[in-house]
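Open the model in your viewer and keep the selection tool ready. The tour goes chain by chain and stops at a few residues along the way.

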Amino acid sequence: MVSTLPQLPADWSAPEGFSATATFSSPVKRQVEPVGPGFLAHARRTLRGRTWSEDEK
Amino acid sequence: MSGPTVIGLAFGNTTSSIAIEKDGKVELIANQDGDRAIASVISYVGSDEYHGAQAKAQLIRNAKNTVAYFRDFLGVSFDNVDPTNSHASAHPVELNGQASFSLKTEDDDEETGEVKPAKLLSVHEIAVRHLDRLRESAADYIGKAIDGAVIAVPTDYSEERRQAIVAAAKDANLKILQVINEPTAALLAHVSANGDSTDKKYAVIDIGGTRSDGAIIASRGGIFTILTTLHNYELGGKNLDEALVDFFAKDFEKQHKVDPKTEARAVAKLLAESESTKKTLSNTSSANFAVESVAQGYDYSLSINRLRFEVAARSVFTKITQFVEELIKKANLDVLDIDEVLLVGGTSAVPKVATSIASLFDESVTKISAPAFDTKAIQPDELISRGAAIQASLVAGYDDEEINESLQAVVTVAPHTTKSIGVKVGDNEYVEVIASETALPIRKTVTLSTPADATAVLVGVYEGASEIVVTKVEKEEKKDDAEDDESDWSEDEEDEEIRTKVLKPAAKIAELGLQNIPAGSKVEVVLNITRELKLQIAARAGSVAVRGETAVAHVA
Ligand SMILES: Nc1ncnc2c1ncn2[C@@H]1O[C@H](COP(=O)(O)OP(=O)(O)OP(=O)(O)O)[C@@H](O)[C@H]1O
Ligand SMILES: [Mg+2]
């Protein structure tokens, strides 16, 4: 599937090109499984406060 | 310098297995008998202790002094011990509120003729003996002492039961680095082996010897979250063995006018041969069942084909598919929501188990991972120990404090999205960027195209909602084709219904306008949900970039 963005409607305008309507639905707390390399990266991010971009290096 | 020697352990009521990761490869460790699936059985003949298959063989002659199916008794108060599976081996009796077994573990004194009495051995002590033998097998195989192990337990195990297993291991000189959940271990082994880290919703179905366990697990960015679990403590491979015992016992009775089921030893013999016949039928289309001196001195043998077995055990297969249906229902999901079914446990090697479960799903949507469909699939009874071994080598380099720190709720409990978040494309179509049930924080990027001559595009960020679309397809006239005999029985007149699931943009979150972009640009959209639960959105086409963020979301 090719995903093509729609053309910007002629009458569309928003300050600095951004308009927020709502936030995303309330998240729920769940337990992640403390297993696998993905979790270890998550634990490092949480405990060491690393950001995603630091993590990608 | 080489690191510590660590192993992964699967400890089931029926069988146990040991695995180790070496240089990125995981292998199963066989015991001294050459078994990779090691029977979780301990037996005593005088002071001689037997383990594994040798102990299991004692169920025929020495059932009372043989302990089998004991794992689920660990850490459970005696009032809650279900002795059903112990009726053909040592029975659990109470000792200090826990299960124990009355066993004779000493030789009688030949000189004085003194008969040594049986002693009560607690289930803890039995588990220690079992784990000690497993540790010994591993150490013999590797040629080094074992420094630590990761062990897997069912998801319904309380902290008490987990600690009871850790304590038994400790007394067997085996340091447990981490106790993990069985379905997660199996899934880790599976995704590691096929390198599949894509976001998927898995149904992990573990059909063992005495119990069946199911879990729906979301895999998002390499993080696993268990969404729903289901257990059946009366469904497993043992039911298949018993169906075969009934089948052969009836035939035996017809021939000899003796019901072999009235004799415990005859039943034990039939059961052992039934299990081995069942396993043979997983690989070949027919097997020979033969038992010497079943009852009243009569030998018995009969050849059985796979189809005959499948008919004899039909009700068990029905219960297994019902179990899977119930799991999906409990999770409030549709079969179309399941991307992959991972079949785990020894009984998942039975082709009919795999095909019955597969028949619930649409093969174009849901992948079924089992040896019956994929000859390269890992043996289902090896998945758990393999996953535990992978985890063991991941945590081997950390000290206890570091491991415990990462197991705290601040790390393991995370807000998860409840809806899919994505971008509206084309004519009210939707591209998912962050799946529902994704642990936060998360950052995801998607690259989208633009209409050929457009110099300004709209990036609409929405939550997606799934819809099940049912289309009726008129059935083709059935040709009277002799080759078509397999599907003859499904001659319902109704048109076929094709159900498909589609995600559509539903609630709008934000819009970004990108203007003055070169025609034919690619647009990169980054969705970043921060630790503070703000959704930051950035869209960029070449040097044109727009960004913004939503208000903070609140955890429900
Ligand atoms: N190749 C095979 N074909 C058919 N059945 C098999 C095969 N291999 C093992 N089994 C069956 O699988 C069952 C054991 O499953 P598994 O190894 O998952 O045990 P477990 O987790 O210890 O079981 P439990 O549910 O009792 O805790 C036994 O009933 C055994 O007969
Ligand atoms: Mg099991």
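Start with chain A and colour by secondary structure. From the N terminus, the elements run β-β-α-α. That comes to 2 helices and 2 strands. Chain A averages a pLDDT of 87, and 84% of the residues score at least 70. Among the elements of the chain, strand β2 (residues 28-31) of chain A has the highest mean pLDDT, 97. Helix α2 (residues 52-56) of chain A has the lowest, 51. Where pLDDT is low, the predicted coordinates should not be read in detail.

Switch to a surface for a moment. Chain A exposes about 3300 Å², with carbon and sulfur atoms supplying 51% of that area. Of its 57 residues, 42% count as buried.

**Stop 1: E16(A)**

Select E16(A), in the segment before β1 (18-20) of chain A. Check its backbone. Phi is positive, about 55°, although the residue is not a glycine. Most residues other than glycine have a negative phi. Is E16(A) buried or exposed? E16(A) is exposed, because its relative accessible area of 77% lies over the 50% cut-off.

**Stop 2: helix α1 of chain A**

Select residues 36-48 of chain A, which form helix α1. Now show side chains. Which residues of α1(A) are buried? They are G36(A), G38(A), F39(A), L40(A), A41(A), H42(A), A43(A) and R45(A). Step just past the helix to G49(A), which takes a positive phi of about 65°.

**Stop 3: chain B as a whole**

The C-alpha trace spans about 105 × 70 × 45 Å along its principal axes. There are 12 helices and 28 strands. Chain B averages a pLDDT of 95, with 96% of the residues scoring at least 70. For the complex, the predictor gives an ipTM of 0.92 and a pTM of 0.94.

Of the 556 residues in chain B, 51% are buried. Chain B exposes about 26000 Å², and carbon and sulfur atoms supply 46% of it. Then colour by charge: 58 positive and 89 negative charges are present, and their mean positions are 2 Å apart.

**Stop 4: S293(B)**

Go to strand β16 (residues 286-295) of chain B and pick S293(B). Phi is near 45°, again a positive value in a residue other than glycine. S293(B) is partly exposed, because its relative accessible area of 33% falls between 20% and 50%.

**Stop 5: helix α10 of chain B**

Select residues 383-395 of chain B, helix α10. Its 13 residues should span 18 Å at 1.5 Å a residue, and the end C-alpha atoms are 19 Å apart, which agrees. How many residues of α10(B) are buried? The count is 11 of 13, so the helix is mostly covered. Among them are L383(B), I384(B), R386(B), Q391(B) and V395(B).

**Stop 6: L527(B)**

Move to strand β26 (residues 522-529) of chain B and centre on L527(B). L527(B) is buried, with a relative accessible area of 0%. Show what surrounds this side chain. Leaving aside neighbours within four places in sequence, the contacts of L527(B) include I421(B), V433(B), I434(B), V461(B) and L535(B). I442(B), R443(B) and K444(B) are also among them. L527(B) and V446(B) are 81 residues apart in sequence and 8.5 Å apart in space, C-alpha to C-alpha.

**Stop 7: P441(B)**

Finish at P441(B), in the loop between β22 (429-434) and β23 (442-449) of chain B. Check omega for the bond from L440(B) to P441(B). What is the form of this peptide bond? The bond is cis, with omega near 5°. Most peptide bonds are trans.

Note on methods
Residues numbered from 1 in each chain as written. Chains lettered and ligands numbered in written order. Predicted model: local features only at pLDDT ≥ 70, side-chain atom pairs only at ≥ 80, totals over all residues. Heavy atoms only, no water. Helix = DSSP H or I, 4+ residues; strand = E, 2+ residues; numbered from the N terminus. Buried < 20%, exposed > 50% of the residue type's maximum accessible area, 1.4 Å probe, protein only. Areas by Shrake-Rupley, 256 points an atom, 1.4 Å probe, with all protein chains shown as cover. Lys, Arg positive; Asp, Glu negative; His and termini not counted. Charge placed at Lys NZ, Arg CZ, Asp CG, Glu CD. Expected span 1.5 Å × (residues − 1). pLDDT = per-residue confidence, 0-100. Contact = heavy atoms within 4.5 Å.
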